[in-house]
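Good morning. Please take a look at the model on the screen, and then I will go through it.

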Amino acid sequence: MARVVIIGASKGIGLETTRQALEAGHMVRAFARSAADISISDPKLEKVRGNALRSKDVAAAVNGMNAVIQALGVGLGDLFGPVHLFSDATRILVAAMQAQGVKRLISVTGFGAGDSRASINCLQLLPFRFFFGRAYDDKDVQERLIKDSALDWTIARPGLLTNGSRTGRYKVLKAPSQWRNGNISKPAAPLRCQAAPSLLAKVKQQRALSG
Ligand SMILES: NC(=O)c1ccc[n+]([C@@H]2O[C@H](COP(=O)([O-])OP(=O)(O)OC[C@H]3O[C@@H](n4cnc5c(N)ncnc54)[C@H](OP(=O)(O)O)[C@@H]3O)[C@@H](O)[C@H]2O)c1
């Protein structure tokens, strides 16, 4: 059992990871601005309302934890303006973890961040850059901050995730030659909730990069 704080726990990947971390027996601190709205009740769950861009909130969030899962996201409307959330929040998070000796970080960025951009095919690259370019430029900085840190990190870069029930069928592709976008039709798609076991499995693993 680990004590895990999930940064960005109120929705999407973070919420599903919260659910599955509790099922797996972990103590979970669920951190988000709207953490109070998380509808899960569990004695192992602590809901902490806070802003990932506020150092004081983040320092309190990582205090006493064995591991941090970072699953921050921006709204669709924010994709067309300047995006700094990922890099700014990561700068604050890395400093807080290093100051408190919390070493294990699992961060969700996305397929197309960092050196995985080269694996996007030409047809997908133009629309990808149009919609997600600003966010992924900031995720590039986020990944660089993590890789340059002394933390024991894993970066997870999922492809497109849709909502649906858990099938347990997913692949973690580690070799750059295997990287590809998981842009699959809905019935066979890698489902949003399938990112969670993959992230949780890494709570106790060593530094790695996976897509
Ligand atoms: N979903 C996909 O298909 C997919 C695919 C590939 C990569 N990704 C990446 O995975 C990440 C998570 O995606 P998602 O779909 O789970 O996102 P999401 O549903 O939009 O959830 C984002 C989370 O970030 C939190 N958040 C945002 N700003 C915050 C702040 N300043 N302080 C604290 N918490 C904050 C939100 O909580 P509050 O608003 O309550 O603060 C929410 O819990 C994103 O970076 C996304 O690009 C997603």
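What share of the contacts in the chain with a separation of 6 or more comes from residues 24 or more positions apart? The share is 75%, where two residues are in contact if their C-beta atoms, placed from the backbone, lie within 7 Å.

Two notes on the model. It is predicted, so local features need pLDDT of at least 70 and side-chain atom pairs count only at pLDDT 80 or more, while totals for chains, interfaces and linings use all residues. Residues are numbered from 1 along each chain as its sequence is written.

The chain has 5 helices and 7 strands; these are DSSP runs, with helices being H or I of at least four residues and strands being E of at least two, numbered from the N terminus. In sequence order the pattern reads β-α-β-β-α-β-α-β-α-β-α-β.

Of the 211 residues, 38% are buried. Buried means that 20 or more other C-beta atoms lie within 10 Å of the residue's own, with C-beta atoms placed from the backbone.

Now helix H2, residues 55-62. Its buried residues are Val 58, Ala 61 and Val 62. They sit on the same side of H2, because they cover an arc of only 85 degrees around the axis; the arc is that of the directions from the helix axis to the C-beta atoms. Their cover includes strand S1 (3-7), strand S2 (27-32), strand S3 (45-49), strand S4 (67-70) and helix H3 (85-100). After H2 comes Gly 64, with a positive phi near 80 degrees.

Definitions and conventions:
Buried ≥ 20, exposed ≤ 12 C-beta atoms within 10 Å, placed from the backbone.
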